[in-house]
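Me: Please take a close look at the packing inside this one. I'd like to know who sits next to whom, told as one connected story.

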Amino acid sequence: MEAATLFVMVLTLLFLGVPISISLGLSSVLAIALFSNDSMSSVAQQLFTASQNYTLLAIPYFILASAFMSTGGVARRIIRFAIAAVGHVRGGLAIAAVFSCMLFAALSGSSPATVVAIGTIAIAGMREVGYTKDFAAGVIANAGTLGILIPPSIVMVVYAAATDVSVGRMFLAGVIPGIVAGLMLMVAIYINARIKKMPKQPFAGVHEVVAAGRDAGWGLFLIIIILGGIYGGVFTPTEAAAVAAVYSFIIAVFIYRDMGPLKDVPWVRDEDGPNARVGFSATIYALAVLFIWLILSFFFLQGLGLETRFWAGVVLALAVLAYYPVLRADRRTAGIGTAYLHSLAIWRRNLWQILCAFIPAFTNAETRKVMIDAARTTIMLMFIIVNALLFAHVLTSERIPQAITDWMVGAGFNWFTFLIAINLLLLLGGQFMEPSGLLLIVAPVVFPIAMKLGVDPVHLGIIMVVNMEIGMITPPIGLNLFVTSGITGMSLVQVVRASAPFVAILFLFLILVTYIEPLSTFLPYALMGPEIVMQR
């Protein structure tokens with residue numbers, strides 16, 4: 001009776017248009033007041049406990065990192081690299097858009113941010129070379145959902161907080177499914193392009209691929225910092241999120257200079273001669289080689305001491321410094337020493353610019369806007385999460401999940417039929433609710449049941465995330481549909497119609513993920529061992 005009343009109150013408030021956070025919190029408070037043996041003081045205690053959750057601290061940092069990456073020119077550089085790499089095949093620009101979404105997803109952890117950042121540029125580019133607006137919108141709306149599947153993912157952090165599953169294992173579990181989903185979309189686009197003879201770009205050449213990769217490298221390096229730092233034991237997922245936020249700020253403001261006081265100020269000016277340019281580039285490459293060597297050797301050469309690895313990196317950097325000017329001798333350089341001597345003027349000028357702009361960068365109008373937007377998103381999401389955790393506390397204290405578990409086991413459910421029921425429940429709920437809120441409502445209920453029936457906790461998490469993906473592109477509340485409609489000017493009905501063929505592919509992908517457990521569990525358990533669960 002108490003369980004039915006609690007769920008009826010939540011659903012009634014939601015259908016009346018009450019925000020999900022208020023619906024969850026108010027229903028929980030009423031349930032405690034009317035049915036529970038807990039005192040009302042437990043409400044304040046649970047709200048405080050939820051707000052002190054260390055895992056959830058990663059969310060505002062990932063949101064801030066995503067905001068800086070979306071505002072800066074990272075998306076433009078990623079799209080250039082993707083087009084250079086795969087744009088020459090039939091339907092290559094659409095395939096490049098999917099590839100770009102996969103790369104940006106690994107930076108942002110947010111599906112709507114991926115749609116906005118990549119879609120704003122890619123859809124216009126596809127229209128220019130002859131793709132229909134419907135096709136371009138359908139590709140971006142669906143590929144953007146990879147933002148919550150490819151790590152780091154905010155939704156995975158929410159699941160981990162709700163079920164006490166390892167965030168690190170969840171991130172690793174999303175790698176293979178994310179790649180498989182992206183490849184399935186690419187194959188579908190290629191087949192469709194061959195049938196309809198869609199346009200393809202001329203191959204830009206190896207030089208353009210390298211140049212575009214180099215240009216996007218500073219942004220893409222964040223992937224190595226986050227995942228490498230977590231699995232190398234350098235820092236926890238929460239600390240990785242904080243590092244990502246700081247790194248994103250530095251890249252957007254001081255390296256790419258797409259925002260802030262140094263916006264559009266070039267590192268190298270036209271009046272800088274060829275000697276200075278070669279010397280400057282050589283030092284950049286040498287520093288990059290040293291940095292990358294230190295990171296890779298940390299993972300693969302741990303038997304060597306830190307000092308040994310450092311000096312080996314220094315030798316590699318010196319080799320780059322010596323060889324690069326010789327390689328670029330056609331640029332009228334007068335010698336290695338002259339090149340580095342002339343490059344000092346470029347370094348001196350840029351370091352002085354960064355020093356002068358350092359304090360103003362924190363108070364710049366564009367920086368303030370990014371911070372305020374990130375804060376708004378964080379407050380909205382955290383308010384939902386805190387109220388949802390209060391709701392989960394009520395469920396647990398009234399033993400509602402245990403009662404449902406006993407009923408399902410008594411009704412003859414096994415792991416196979418249970419997963420079918422979970423998919424149907426989440427697909428239905430995803431049409432009407434925001435992913436994090438739905439996950440926080442459902443996870444505390446279904447998790448004990450899954451453990452009783454022998455479903456792996458990490459596998460269950462990936463299944464739920466994939467369902468959330470599909471929910472973001474199904475009406476009437478699919479967030480990606482509204483975002484795509486906003487950036488294309490199309491009506492919601494048009495976007496739904498354009499997305500439908502690709503949604504069918506994601507349904508097929510959901511079936512694969514649901515019943516091929518190694519897709520989710522192979523990588524995390526190979527690198528980190530199995531998740532320890534009390535009940536199996």
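Reply: Let's begin with contact, which here means heavy atoms within 4.5 Å. Leaving out residues up to four places away in sequence, Ile 59 touches Ile 154, Val 157, Val 158, Leu 381, Met 382 and Ile 385. Before going on, please note that this is a predicted model, in which local features need pLDDT of at least 70 and side-chain atom pairs count only at pLDDT 80 or more, while totals for chains, interfaces and linings use all residues. Residues are numbered from 1 along each chain as its sequence is written, and side-chain values use heavy atoms, with hydrogens and water left out.

Which residues touch the most other members of the largest nonpolar core? They are Ile 59 and Phe 418, in a core of 162 residues. Such a core is a set of buried Ala, Val, Leu, Ile, Met, Phe, Trp, Tyr and Cys residues joined through side-chain atoms within 4.5 Å. Helix α17 (residues 365-397) supplies the largest share of this core, with 13 residues. Helices here are DSSP runs of H or I with at least four residues, and strands are E runs of at least two, both numbered from the N terminus.

Helix α4 (residues 58-71) also holds Ala 67. Ala 67 counts as buried because its relative accessibility is 17%; buried means under 20% relative accessible area, exposed over 50%, and partly exposed in between, using a 1.4 Å probe and protein chains only. Beyond its sequence neighbours up to four places away, Ala 67 touches Val 370 and Ala 374.

Ala 31, in helix α2 (residues 20-34), is buried because its relative accessible area is 6%. With neighbours within four places set aside, Ala 31 is in contact with Leu 6, Met 9, Ser 36 and Val 394. From Ala 31 to Val 89 is 58 residues along the chain, and 59 Å separates their C-alpha atoms. Ala 193 lies in helix α11 (residues 175-196) and is buried because its relative accessible area is 0%. Apart from residues up to four places away, Ala 193 touches Arg 90, Gly 91 and Met 198. The C-alpha atoms of Ala 193 and Leu 26 are 51 Å apart, and the two residues are 167 apart in sequence.

Now for a helix pair. Two packed helices are described by the angle between their axes and the distance between the axes. The axes of helix α19 (residues 415-430) and helix α23 (residues 492-515) come within 11 Å and cross at roughly 145°; axes are lines fitted to C-alpha atoms, for helices over the stretch in contact, with angles from 0 to 180 degrees between N-to-C directions. On the α19 side the contact is made by Trp 415, Phe 416, Leu 419, Ile 420, Asn 423 and Leu 427, and on the α23 side by Phe 507, Leu 510, Thr 514 and Tyr 515.

Asn 467 of helix α21 (residues 457-471) is buried because its relative accessibility is 0%. Sequence neighbours within four places aside, Asn 467 is in contact with Asn 423, Leu 426, Leu 427 and Leu 510. Gln 353, in helix α16 (residues 336-363), is buried because its relative accessible area is 14%. Outside the four places either way in sequence, Gln 353 is in contact with Arg 257, Leu 262, Val 265 and Arg 269.

Finally, a look at the loops. Most residues other than glycine have a negative phi, and most peptide bonds are trans. A cis peptide bond, with omega about 0°, joins Pro 151 and Pro 152, and Pro 152 sits in the loop between α8 (133-143) and α9 (154-163). Asp 164, in the loop between α9 and α10 (167-173), has a positive phi near 65° and is exposed because its relative accessible area is 68%. Asp 264 also has a positive phi near 65°. Asp 264 lies in the loop between α13 (237-255) and α14 (274-300), and counts as exposed because its relative accessible area is 64%.
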